[in-house]
2 protein chains.
Amino acid sequence: MKARVHVMLKDGVLDPQGEAVRHALGALGFDGVGGVRQGKVIDLEIAATDAAAAEAEVRAMCEKLLANTVIERYDIEIG
Amino acid sequence: MKARVHVMLKDGVLDPQGEAVRHALGALGFDGVGGVRQGKVIDLEIAATDAAAAEAEVRAMCEKLLANTVIERYDIEIG
């Protein structure tokens, strides 16, 4: 079963990567670009065949390894 | 208008970050994790109000800055 996890910095946490992208886009002539936030996307192939079990497993992975929940939030898509 | 861009390494391109995550998950006791691929997600707030124009602008951003199209592919969600 496939799972996709998005890990983004929480709102209010400074995102220097996103800011760098925003400045670079402006310098390239792309006007009208407001906020830019950059995060990680992680695609996993997992053995669980039940969607609920898969989501629980991926949630545990996020809490233990994939996200720093002090400053990052994550969301999980299964399927 | 909001846009979300996913930038992933193309299939066949070695993904050391994904491999590191896979090994770490195994070491933490998560068995049955097959392939892991890690990429970037970029959320943009852009001024264009027309979805087609917004997508064209974001596509240009990807080609010029956000993705290295030699080794990376991107996909764009508008709205």
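Predicted model: local features only at pLDDT ≥ 70, side-chain atom pairs only at ≥ 80, totals over all residues.
1. A salt bridge is a side-chain nitrogen of Lys or Arg within 4 Å of a carboxyl oxygen of Asp or Glu. An α-helix has 3.6 residues a turn, so residues three or four places apart point the same way. B:Glu19 counts as partly exposed, at 30% relative accessibility, and B:Arg22 is likewise partly exposed, at 28%.

2. A second pair in chain B is formed by B:Glu55 and B:Arg59, whose side chains meet in a salt bridge at 2.8 Å, N to O. These two residues lie in helix H2 (residues 51-66) of chain B, four residues apart, about one turn of the helix. B:Glu55 has a relative accessible area of 30% and is partly exposed. B:Arg59 is partly exposed too, with a relative accessible area of 38%.

3. The salt bridge between A:Arg4 and A:Asp43 has another setting. The closest N and O atoms of this pair are 2.8 Å apart. Because A:Arg4 lies in strand S1 of chain A and A:Asp43 in strand S2 of chain A, the pair ties together parts that are 39 residues apart in sequence. Are these two residues buried or exposed? Both A:Arg4 and A:Asp43 are buried.

4. Over all chains, a search of the whole structure finds eight salt bridges. How many of them cross the interface of chain A and chain B? The rule finds zero salt bridges there. Polar contacts, however, do occur between the two chains: eleven residue pairs are counted, both residues of each at pLDDT 80 or more.

5. The interface itself may be described by residues and by area. In chain A, 31 residues are in contact with 31 residues of chain B. The size of an interface is often given as the accessible area lost when the parts come together. Here the area buried between chain A and chain B is about 2,500 Å², and carbon and sulfur atoms give 66% of this area. A:Phe30, A:Val41 and A:Leu65 supply 20% of the area that chain A buries against chain B, more than any other three residues.

6. Which elements give two or more residues to the side of chain A that touches chain B? They are S1, helix H1 (16-27), S2 and H2 of chain A. The largest share comes from S2(A), with 14 residues.

7. Helix H2 (residues 51-66) of chain A deserves a separate remark. A straight helix of 16 residues would span 22 Å at 1.5 Å a residue, whereas H2(A) spans only 19 Å between its end C-alpha atoms. The buried residues of H2(A) are A:Ala54, A:Glu57, A:Val58, A:Met61, A:Cys62 and A:Leu66. Seen down the helix axis, these buried residues fall within an arc of 145 degrees, so they line one face of H2(A). The face turned away from that buried side carries the exposed residues A:Ala52 and A:Lys64.

8. What covers the buried residues of H2(A) comes from both chains. From chain A, the cover includes strand S1 (2-9), strand S2 (33-46) and strand S3 (72-78). From chain B, helix H1 (16-27) and strand S2 (33-46) are included.

How values were computed
Residues numbered from 1 in each chain as written. Chains lettered and ligands numbered in written order. Heavy atoms only, no water. Expected span 1.5 Å × (residues − 1). Buried < 20%, exposed > 50% of the residue type's maximum accessible area, 1.4 Å probe, protein only. Arc of directions from axis to C-beta. Contact = heavy atoms within 4.5 Å. Buried area = accessible area lost by both parts, 1.4 Å probe. Polar contact = N/O pair within 3.5 Å; in protein donor to acceptor, adjacent residues only side chain to side chain.
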